[in-house]
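Hi,

Here is the model I promised to pass on. Have a look at it first, and then read my notes below.

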Amino acid sequence: MPLPDLDHAAYLRRAFAVAARAAAAGSHPFGAILVDAAGAVVMEQGNAYLPDHDMTGHAERVLASRASQRFRPAELADATLYTSAEPCAMCAGAAYWAGIGRIVYGLSEATLKTITGNHPENPTLDLPCRQVLASGQRPVEVIGPLLEEEAAAPHRAFWAGR
């Protein structure tokens, strides 16, 4: 079944707001939301690096894990993951294994790498999510980068001060 047409900019901005809340709480400025086939936001997740310094606590990975426990595969196949930044290889894999049908992201991984450099809290794995997902046995639609300058602003401020 084809995924529904959604207002990508509005949902991305909601993911940006989740990222801003994560940054305000002292964590890394990443956020993700899950939107169902009817267009309802059914889950939100900010970066989970803190309080335990979990390097795998990426917003998309945590959301995909939670979603796979809460929703049936058919529901996730019709769902869209909106994320403030392109999912890294780990997060793309988690979304794939959870069965999420579409990913829409703001900031590209390549641009994120130019912002963070080789920061020890974000050793960017510059591998496009499309490449990771193309290795799978089922298709995952990927849209992005979108609103990239808007998505980059919190990262420029956050990583410059670290």
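The buried residues of α5 are covered by, among others, β4 (102-107) and α7 (148-160); contact here means heavy atoms within 4.5 Å. Helices (H or I, at least four residues) and strands (E, at least two) are DSSP runs, numbered from the N terminus. Helix α5 itself spans residues 109-116, and Glu109, Thr111, Leu112, Ile115 and Thr116 are its buried residues. Buried is under 20% relative accessible area, exposed is over 50%, and partly exposed is in between (1.4 Å probe, protein chains only). Looking down the axis of α5, the buried residues fall within an arc of 155°, so they line one face of the helix; the arc is taken from the directions from the helix axis to the C-beta atoms. Just after α5 comes Gly117, with a positive phi of about 60°.

Before going on, some housekeeping: this is a predicted model, so local features need pLDDT of at least 70 and side-chain atom pairs count only at pLDDT 80 or more, while totals for chains, interfaces and linings use all residues. Residues are numbered from 1 along each chain as its sequence is written, and side-chain values use heavy atoms, with hydrogens and water left out.

Now the core. The largest nonpolar core has 42 residues, and those that touch the most other members are Leu34, Leu76, Leu81, Tyr82, Ile100, Leu107 and Leu133. A nonpolar core is a set of buried Ala, Val, Leu, Ile, Met, Phe, Trp, Tyr and Cys residues joined through side-chain atoms within 4.5 Å. In soluble globular proteins, nonpolar side chains tend to be buried together.

What does the side chain of Thr83 make a polar contact with? The partner is the side chain of Glu60, at 2.8 Å. (A polar contact is a pair of N or O atoms within 3.5 Å; within protein, one must be able to donate a hydrogen and the other to accept it, and residues adjacent in sequence count only if both atoms are side-chain atoms.) Thr83 is in strand β3 (residues 80-85) and is buried, with a relative accessible area of 0%. Not counting residues up to four places away in sequence, Thr83 touches Leu12, Ala15, Gly31, Ala32, Glu60, Ile103, Val104, Tyr105 and Gly106.

Pro29 is another buried one, with a relative accessible area of 1%, although its place is in the loop between α1 (8-24) and β1 (31-35). Among the residues it touches, not counting those up to four places away in sequence, are Ala19, Ala23, Pro154, His155, Phe158 and Trp159.

On to the aromatics. Rings of Phe, Tyr and Trp (its six-membered ring) pair if their centres lie within 6.5 Å; planes under 30 degrees apart count as stacked, over 60 as edge-to-face and the rest as tilted. By this rule the count is 3 aromatic pairs. One of them joins Tyr96 and Trp97, edge-to-face, with 5.7 Å centre to centre and 85° between the planes. Tyr96 counts as buried because its relative accessibility is 16%, whereas Trp97 is exposed at 73%. The charged end of Arg138 also sits over the ring of Tyr96, 4.7 Å from its centre; the rule here is NZ of Lys or CZ of Arg within 6 Å of the ring centre and within 35 degrees of the ring normal.

Last, the backbone. Most residues other than glycine have a negative phi, and most peptide bonds are trans. Here are the exceptions I'd look at:

- Leu50 and Pro51 are joined by a cis peptide bond, omega about 15°; Pro51 is in the loop between β2 (41-46) and α2 (59-70).
- His53, in the loop between β2 and α2, has a positive phi near 55° and is partly exposed at 48% relative accessibility.
- Gly144 and Pro145 are joined by a cis peptide bond, omega about 5°; Pro145 is in the loop between β5 (141-143) and α7.
- Leu147, in the loop between β5 and α7, has a positive phi near 55° and is partly exposed at 27% relative accessibility.

Cheers
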